[in-house]
Amino acid sequence: MSNSLSSICILRLSAIGDVCHAVSAVQAIQRAHPQAKITWVIGKVEAMLLADLPGVEFVIFDKKRGKAAFKDLKSHFKGRKFDVLLHMQVAFRANIAALQIPAKVKIGFDKGRSKELHSLFVNQRILPQEAPHVLEGFHNFARAIGADAEQVSWEMPYTEEHESQAQALLKGMSKIFVISPAASKKERNWLPERYAALADYAASQGFNVVITGGPTDMERELSGAIISHANCEITNLVGKTQLKTLLCVLKQAKLVLAPDTGPAHMAVTVGTPVIGLYAHSNPKRTGPYLYQQYVVEVYHKNLLAQKGKTAAELPWGTRVKGENLMAQIDVDSVKSMFDTVVEQEQL
């Protein structure tokens with residue numbers, strides 16, 4: 001697409017991990033189109049993490065406002081028309097949001113990844129990809145408007161104050177092992193006694209152990225259970241960090257242990273290795289992008305057991321179901337991966 005683009009709108013509302021992936025694509029677009037004004041329609045929570053991203057105007061879509069959120073969007077863009085809308089989300093809510101955004105060209109996902117009537121809300125598509133990671137899908141949007149999207153990098157927005165807040169919370173610690181134990185769905189969490197076993201193992205290897213998370217009851221209960229099972233000292237930061245401060249905590253860590261959750265991807269953006277624990281979704285699609293070699297997973301064996309086929313034989317991104325799948329990940333496998341990471345990253 002022409003380098004004469006003057007206005008580009010990005011539509012990606014959620015979630016934390018996905019908007020982290022999208023940042024890399026947006027910054028590739030900025031390098032290709034430095035003259036273009038970029039507007040990003042984003043969810044309220046995700047905007048807290050990305051606020052002050054250089055060169056980006058954020059328009060917050062607050063889903064809690066229901067139908068009013070769509071009216072807000074339409075009103076906000078009255079009298080404007082973008083050269084191009086990059087419609088990076090197939091969920092029906094996002095598709096209706098796209099209706100409120102005036103643009104000459106609306107680019108969406110290829111037919112293979114379209115669902116929830118996504119195809120009706122776009123007039124161009126990105127090229128199909130063979131088994132792409134979510135991040136690689138977003139990078140294809142950058143390519144669709146002429147950006148060189150081979151480089152995967154992030155310049156995340158945080159200040160010295162956020163770094164100072166993180167340093168104060170981690171005062172006296174040098175080798176930090178962060179456990180971010182909670183996914184958005186309880187079934188995707190590992191068992192608290194097993195997190196505790198890894199905490200004890202990391203402490204025996206000279207690491208300071210920190211638990212992070214949000215202020216929900218589920219996260220508080222999970223962190224409390226981990227601490228009660230552990231024999232080592234654990235610093236509990238659950239509910240004590242805003243997103244940007246959490247980003248800086250993850251940046252100061254040497255290693256992060258997490259299931260399929262947003263902070264795992266936040267850690268990737270600041271260059272901290274992640275051991276990802278996966279059972280329900282394909283880590284090749286949603287795992288920590290730069291550290292997929294450090295994933296411990298039982299996804300593929302469960303997929304085969306439930307569907308009778310491999311990931312290559314099924315629609316890309318097929319998920320497996322079950323409340324207790326994470327229990328199939330044993331402590332020894334994660335300890336072994338911990339040792340591998342420590343050795344390879346020279347921690």
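This is a short chat about a predicted model.

Q: What should I know about the model before we start?
A: The model is predicted, with local features needing pLDDT of at least 70 and side-chain atom pairs counting only at pLDDT 80 or more, while totals for chains, interfaces and linings use all residues. Residues are numbered from 1 along each chain as its sequence is written, and side-chain values use heavy atoms, with hydrogens and water left out.

Q: In what order do the strands of the open sheet come?
A: The order is 3-2-1-4-5-6, with 6 strands in parallel pairing; strands are DSSP runs of E with at least two residues, helices runs of H or I with at least four, numbered from the N terminus, and two strands pair if DSSP finds at least two bridges between them.

Q: And which are the edge strands?
A: Strand 3 (56–61) and strand 6, each of which pairs on one side only.

Q: How many bridges join strand 1 to strand 4?
A: Strand 1 (residues 7–11) and strand 4 (residues 82–87) are joined by 4 bridges, and Cys 9 stands opposite Leu 85 in strand 4.

Q: Switching to Ala 197, where does it lie?
A: Ala 197 lies in helix 7 (residues 192–204).

Q: Why does Ala 197 count as partly exposed?
A: Because its relative accessibility is 22%, and partly exposed lies between buried, under 20% relative accessible area, and exposed, over 50% (1.4 Å probe, protein chains only).

Q: What is Ala 197 in contact with, leaving aside its neighbours within four places in sequence?
A: Val 331 and Lys 335, where contact means heavy atoms within 4.5 Å.
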